[in-house]
Amino acid sequence: MPSWPTNPKYISGDTRRIDGPEKVSGRARYSSDIQADGWLYGMILRSKWPAAQITSINLEPALKIPGIKAAITVQDGERMVRFYGEELAAVAGTTKQACLDALLAIEVVAKPSPLFVVNETEGKAPDAPKVWENASNVDASSPREQGNVDTAFGECAAVIEGFYTTPVQLHNPMETHGSTASWTDNGLTSWASTQGISSVRDGLAGALKLDHSQVRDITEYMGGGFGSKFGPGVHGVLAARLSQAAKAPVRLMLTRFDEALAVGNRPSSFQKIKLGALADGTLHAFEFDNYGTAGIGAGAATGGGGSGVVLPAPYIYKAPNTRVTQASVAINAGPACAFRAPSHPPASFGMESAMDDLAAKLGMDPLELRLKNDSNEVRQREYKLGAERFGWAAKYKKPGSSPGIVKTGVGCAGAAWGAGGPSRRTQGEAQINPDGSIEFRLGVQDLGTGTRTVIAVVAAEMLGLKPDQITVKVGDTNYPPGPGSGGSTTCASISPTVYDICTKALDQLQTQSGITDARGDNWFAACKKLGVSPLVVNGNWIEGLSTKPAYGVQFAEVDVDTETGLVTVKKVVAVHDCGLIVDKLTTESQINGGVIMGLGYALYEERVMDDLSGVVLNPNFETYKLSGIADVPDIDVILVNMPERGVIGIGEPATVPTAAALGNAVANAIGVRVGSLPITPAKVLAALGKVPPVEKT
Amino acid sequence: MKKPEPEKFGAHSRRTFLKSLGTVAATAATAQVESVAAELEQANAEKVIGPNAVPVTLKVNGKFLKLMLEPRVTLLDALRNYSSLTGAKEGCDRASCGACTVMLDDLPIYSCQKLAIEAQGHEITTIEGLAQNGKLTNVQQAFVDKDALMCGYCTPGFVMSVTALLKKNPSPTTDDVKHACAGNLCRCGTQPRILEAALAAAGVAVNRTTKTEVIDYA
């Protein structure tokens with residue numbers, strides 16, 4: 001069995017991001033920076049109705065606008081639209097303004113329907129307008145039951161009932177979705193802002209009836225995805241079709257407004273939880289009734305659930321008697337898609353809130369209740385490490401006992417992430433030149449996690465070189481195929497692959513050079529013996545160097561101003577494990593990022609729909625709030641190193657427990673539960689009985 | 001916070017304000033209304049440019065950039081789409097994300113909110129103009145050293161905001177950095193390390209930092 005070096009020089013160290021200099025100097029070319037020869041702007045016309053029958057679309061007036069080179073419809077003939085923002089047509093032209101003018105000129109004849117619903121609670125009513133004509137809005141899984149729940153609650157020493165809700169969250173990567181597409185007689189080239197270059201190539205080939213070999217995607221740099229940038233998307237296919245029609249490359253980047261409408265989101269959840277424990281705190285009975293929406297991607301017509309509506313329950317805990325009922329509800333809104341740890345942050349928020357409420361009822365320390373009921377040994381250890389660093393024993397006070405106007409509270413919560421695991425089909429190659437230079441080529445991509453750096457660190461370790469001696473090429477479907485970057489799988493997929501390439505390269509170098517160990521000091525001498533032909537070595541993912549799952553726990557301390565309702569996060573301690581840490585510096589950044597995204601989920605972020613018009617009311621950064629630099633607390637990271645487990649990803653577990661820990665800290669501060677994310681000042685004041693409750697419509 | 005100096009405050013007293021107003025009012029009264037209107041019309045007619053493309057000269061990173069632009073083209077658009085300076089990024093095109101931040105003279109501005117024609121006659125510095133002969137500036141190097149970037153799309157904007165801050169205030173406090181970066185958004189979550197990088201670049205002792213620790217499980 002292969003194994004990782006035991007006394008590594010670079011692995012688990014602090015290697016600076018090797019593409020950092022490119023990124024801080026503006027030299028890195030992102031998808032939206034591509035300037036192909038003779039490129040045109042592309043833009044999309046979207047439905048302004050949440051539900052309508054489209055009778056006809058006349059593109060002629062758009063084509064008469066000076067500078068417009070192509071105009072196409074998404075679909076010919078009559079069709080239905082089911083959400084505000086659904087794509088209808090697209091134009092390509094020489095300037096932005098020409099395209100904007102052209103979108104206004106397109107004549108759409110539509111029969112808008114007054115029968116639509118953008119609210120999941122209304123959408124699940126039997127008489128609600130149907131999103132899909134011949135199917136119920138509700139896809140309800142049959143209740144899952146074990147033990148005897150009704151009897152078991154009678155046996156409990158304490159029982160709590162709570163209602164915990166989480167909003168639809170938008171990905172809002174800083175670079176919007178989009179691509180440049182260039183369709184020539186030689187085939188189609190796409191420069192997509194994507195986290196899955198292969199999925200873009202395959203998706204474009206499928207949609208446009210091209211051979212895979214005729215389509216290439218190049219994504220050198222891209223500006224974030226968080227789960228929303230797999231496949232070409234409707235916009236990617238439109239860019240390609242516009243390029244074909246205009247006979248020129250087309251850059252079609254979505255606007256920030258578009259981002260809120262049609263390129264995915266995290267589903268909402270409305271969790272009714274009843275939880276009971278025996279006198280010693282052992283969980284005994286659990287009842288869970290949850291519904292949520294994935295927009296048009298929910299309900300009976302679509303099978304629902306795939307985008308994270310159905311939650312793992314009772315999340316990381318076990319109870320002998322459980323009843324779980326869940327439903328995905330279709331509404332007239334853009335479909336959900338994968339979003340950093342799909343279904344875990346809402347599941348964590350619901351269950352971990354219930355745990356704290358139960359602890360309060362039992363008169364127990366909530367950390368103690370967790371240690372009592374969490375059977376996972378790694379998390380047990382992490383709770384103890386975190387509690388010590390955080391100073392839990394000194395900081396924890398009974399809920400609501402903090403004095404004064406600004407009250408302090410603390411909370412904690414746990415995470416699990418096992419959905420991913422490495423991709424066994426990962427391949428790669430290295431070209432070793434006689435001058436000793438070496439280039440790795442893998443058909444993966446870097447969505448900001450540090451993919452190139454991971455490859456360089458592993459290669460440097462294996463070959464006895466320095467990371468900056470390794471040239472890394474990723475983001476091109478012409479390279480050997482790699483996985484999409486989702487499920488926290490990239491690091492665990494590419495590290496063993498690079499290991500394999502290096503092992504094979506050293507073997508071959510030994511054969512060809514006669515030097516027994518070509519590593520380190522012997523490297524250049526061995527390479528020189530290659531003569532004039534570079535050595536190209538292929539490798540693939542191998543067993544024994546990577547695994548899953550990952551765990552993690554977080555502790556949070558907040559101040560809550562009981563006069564303004566404002567929550568200020570003072571401190572987060574994040575304790576995480578990811579097996580063998582490949583690069584510590586970039587791993588810590590991933591954890592910071594997870595915590596900060598979780599903070600936004602807890603306090604600021606929510607897509608707001610207008611019930612009457614069906615539009616998204618906050619499709620911009622002024623009204624869809626992200627955490628700013630002043631909102632970010634001190635974050636202490638503790639990495640639990642487990643090299644014996646091999647490489648595991650970290651991007652997703654790091655964002656799972658933050659909102660739950662913060663919610664618990666708020667409840668601990670003020671002595672009442674704000675069960676609805678985001679925890680806005682209005683909701684805090686309502687919970688304190690200082691204003692009439694906020695009506696959730 | 002520094003208190004306003006009373007004497008300076010006094011300089012803008014009600015009396016001096018009325019006095020200066022009076023001068024303007026008197027000038028207006030003595031001139032004939034029609035001639036003023038005509039003069040204004042003529043002056044404005046000379047200033048109307050466009051709607052078609054007009055020559056625009058921008059001084060970017062010390063070099064003159066001669067472009068033909070419609071007057072409605074923003075500085076960001078001119079840099080990214082009419083030249084090859086794509087370092088400034090478009091994240092929102094409406095002054096809320098800061099990815100497009102450049103320096104106009106020494107002031108950090110949202111280039112998506114400035115028309116290119118308005119930026120003429122100013123020294124424009126973009127992210128591409130910081131490193132000289134391939135050598136990163138202290139700020140850029142600190143961003144790399146502290147890993148103050150992930151996907152890197154917001155990074156040029158943050159680097160420009162921090163660079164402008166340090167020009168004005170070489171020894172900033174934590175709050176100064178937060179204030180200077182309040183107009184920049186990052187979705188990956190690099191904020192703690194941007195704070196560290198900014199202070200490190202300034203050589204200011206970091207009194208607020210994320211503590212990290214590796215503990216072996218076995």
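The model is predicted: local features need pLDDT of at least 70, side-chain atom pairs count only at pLDDT 80 or more, and totals for chains, interfaces and linings use all residues. Residues are numbered from 1 along each chain as its sequence is written, while chains are lettered from A and ligands numbered from 1 in the order in which they are written. Chain B has eight helices and six strands. Here helices (H or I, at least four residues) and strands (E, at least two) are DSSP runs, numbered from the N terminus.

**Chain B overall**

- The order of elements from the N terminus is α-α-α-β-β-α-β-β-β-α-α-α-α-β.
- Of the 218 residues in chain B, 43% are buried. A residue is buried if 20 or more other C-beta atoms lie within 10 Å of its own, exposed if 12 or fewer, and partly exposed in between, with C-beta atoms placed from the backbone.
- Take the contacts in chain B between residues at least 6 apart in sequence: 56% of them join residues at least 24 apart. Two residues are in contact if their C-beta atoms, placed from the backbone, lie within 7 Å.

**Two domains in chain B**

- Domain 1 of chain B spans 51–129, and domain 2 spans 130–206. These bounds come from an automatic or database domain assignment.
- The C-alpha centres of the two domains of chain B are 21 Å apart.
- Domain 1 of chain B puts 16 residues into the contact, and domain 2 of chain B puts in 14.
- On the domain 1 side, β3 (101–104) and β4 (107–110) of chain B are the elements that give two or more residues. β3(B) gives the most, with three residues.
- By class, that domain 1 side has nine nonpolar, five polar and two charged residues. Ala, Val, Leu, Ile, Met, Phe, Trp, Tyr, Cys and Pro count as nonpolar, Asp, Glu, Lys and Arg as charged, and the others, Gly among them, as polar.

**Where chain B meets chain A**

- The contact takes 55 residues from chain B and 59 residues from chain A.
- Four elements of chain B give two or more residues to its side: α5 (138–145), α6 (155–168), α8 (191–202) and β6 (212–216).
- The chain B side holds 27 nonpolar, 14 polar and 14 charged residues.
- A strand pairing also links the chains: β24 (residues 634–641) of chain A runs parallel to β6(B), with five bridges. Two strands pair if DSSP finds at least two bridges between them.
- L639(A) has V214(B) in β6(B) as its bridge partner.

**A hairpin in chain B**

- Strand β1 (residues 54–60) of chain B pairs with strand β2 (residues 63–69) of chain B in the antiparallel sense, over seven bridges.
- L58(B) is opposite L65(B) in β2(B).
- Two residues separate β1(B) and β2(B) in this hairpin, and N61(B) in the turn has a positive phi of about 50 degrees.

**Backbone points to check by eye**

- D93(B) is not a glycine, yet its phi is positive, at about 60 degrees. D93(B) sits in the loop between α4 (75–81) and β3 of chain B. D93(B) counts as buried because 21 other C-beta atoms lie within 10 Å.
- A95(B) is also found in the loop between α4 and β3 of chain B. Its phi is positive too, near 60 degrees, in a residue other than glycine. A95(B) counts as partly exposed because 15 other C-beta atoms lie within 10 Å.
- In chain A, the peptide bond from A313(A) to P314(A) is cis, with omega near 0 degrees. P314(A) lies in the loop between β15 (283–293) and β16 (321–329) of chain A.
- The peptide bond from K548(A) to P549(A) is cis, with omega near 0 degrees. The loop that holds P549(A) is between β21 (535–540) and β22 (553–561) of chain A.

**A helix pair in chain A**

- The axes of α13 (residues 451–463) and α14 (residues 490–513) of chain A come within 9 Å and cross at roughly 30 degrees. Axes are lines fitted to C-alpha atoms, for helices over the stretch in contact, and angles run from 0 to 180 degrees between N-to-C directions.
- Residues of α13(A) in this contact include V454(A), I455(A) and V458(A), and those of α14(A) include I494(A), V498(A) and Y499(A).
- The contact of α13(A) with α14(A) has 11 nonpolar, three polar and no charged residues.
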